[in-house]
Amino acid sequence: LRDLGLNIQWCSYDTMQSRDSLQILRQKGFFTGTLSMDVSSLPYEIYKSGLYDGRVSMPYHKKLLKELASLEFDPVKGKVDHPNMAGASKDLSDASCGVIAGAMSRRSLWGLYGISPIEIPDVARAIVKDTKDTEKLQKQ
């Protein structure tokens, strides 16, 4: 996609089991990292905030909307999950949530759009901290 003209600069995976893919992407000049939607509810809090504030624009996708509408918060695990029923999933919602949470964690985007560090929401600061912690774990 990048070779076709899309300005793709960074890629992320949701698990540490993707080391080979991340290494190949890094060798091709991409910034890489891990960002899981299953470790905490923070990425979904960022996503929900952006949706409710009208800061997220996306094409109509019936299955994605169905997934988003059926998501549940599990207070015991402290994370967002799909309902425990046959055929339920959250793959599309995780992917779109990852894009939004990932974009919010890119300081280069803050500067590109002239967002002062003072204006950065606390949830965005938290996702940056989460991302840095994950990168530290990855190096160990």
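**Salt bridges**

I searched the whole structure for salt bridges and found 4, taking as a salt bridge a side-chain nitrogen of Lys or Arg within 4 Å of a carboxyl oxygen of Asp or Glu. I keep in mind that this is a predicted model, where local features need pLDDT of at least 70 and side-chain atom pairs count only at pLDDT 80 or more, while totals for chains, interfaces and linings use all residues. Residues are numbered from 1 along each chain as its sequence is written, and side-chain values use heavy atoms, with hydrogens and water left out.

**Asp38 and Lys90**

I looked up this pair next: the two side chains meet in a salt bridge, 2.8 Å from N to O. The pair links distant parts of the chain, 52 residues apart. I found Asp38 in the loop between strand 2 (31-34) and helix 2 (42-53), and Lys90 in the loop between strand 4 (79-81) and helix 4. Helices (H or I, at least four residues) and strands (E, at least two) are DSSP runs, numbered from the N terminus.

Which of the two is buried? Lys90 is, with a relative accessible area of 5%, whereas Asp38 is partly exposed at 34%. My cut-offs are under 20% relative accessible area for buried, over 50% for exposed and partly exposed in between (1.4 Å probe, protein chains only).

**The network**

I then followed Lys90 to Asp94, with which Lys90 also forms a salt bridge, the closest N and O atoms being 2.9 Å apart. Asp94 counts as buried because its relative accessibility is 15%. A network of salt bridges links Asp38, Lys79, Lys90 and Asp94.

**Asp53 and Arg55**

I noted a salt bridge here too, with 3.1 Å between the closest N and O atoms. Asp53 is exposed at 53% relative accessible area; Arg55 is partly exposed at 48%.

**Helix 4**

I checked the length of helix 4 (residues 91-104): its 14 residues reach 20 Å from first C-alpha to last, close to the 20 Å expected at 1.5 Å a residue. That expected span is 1.5 Å times one less than the number of residues. Its buried residues include Ser93, Cys97, Ala101 and Met104.

**A nonpolar patch**

Last, I looked at the surface, where Leu1, Leu4 and Leu6 form a nonpolar patch with about 380 Å² of accessible area together. Areas come from the Shrake-Rupley method with a 1.4 Å probe. Patch residues have over 30% relative accessible area and no salt bridge; nonpolar side chains are joined within 5 Å, like charges within 9 Å. Leu6 lies in the segment before strand 1 (10-13) and counts as partly exposed because its relative accessibility is 47%.
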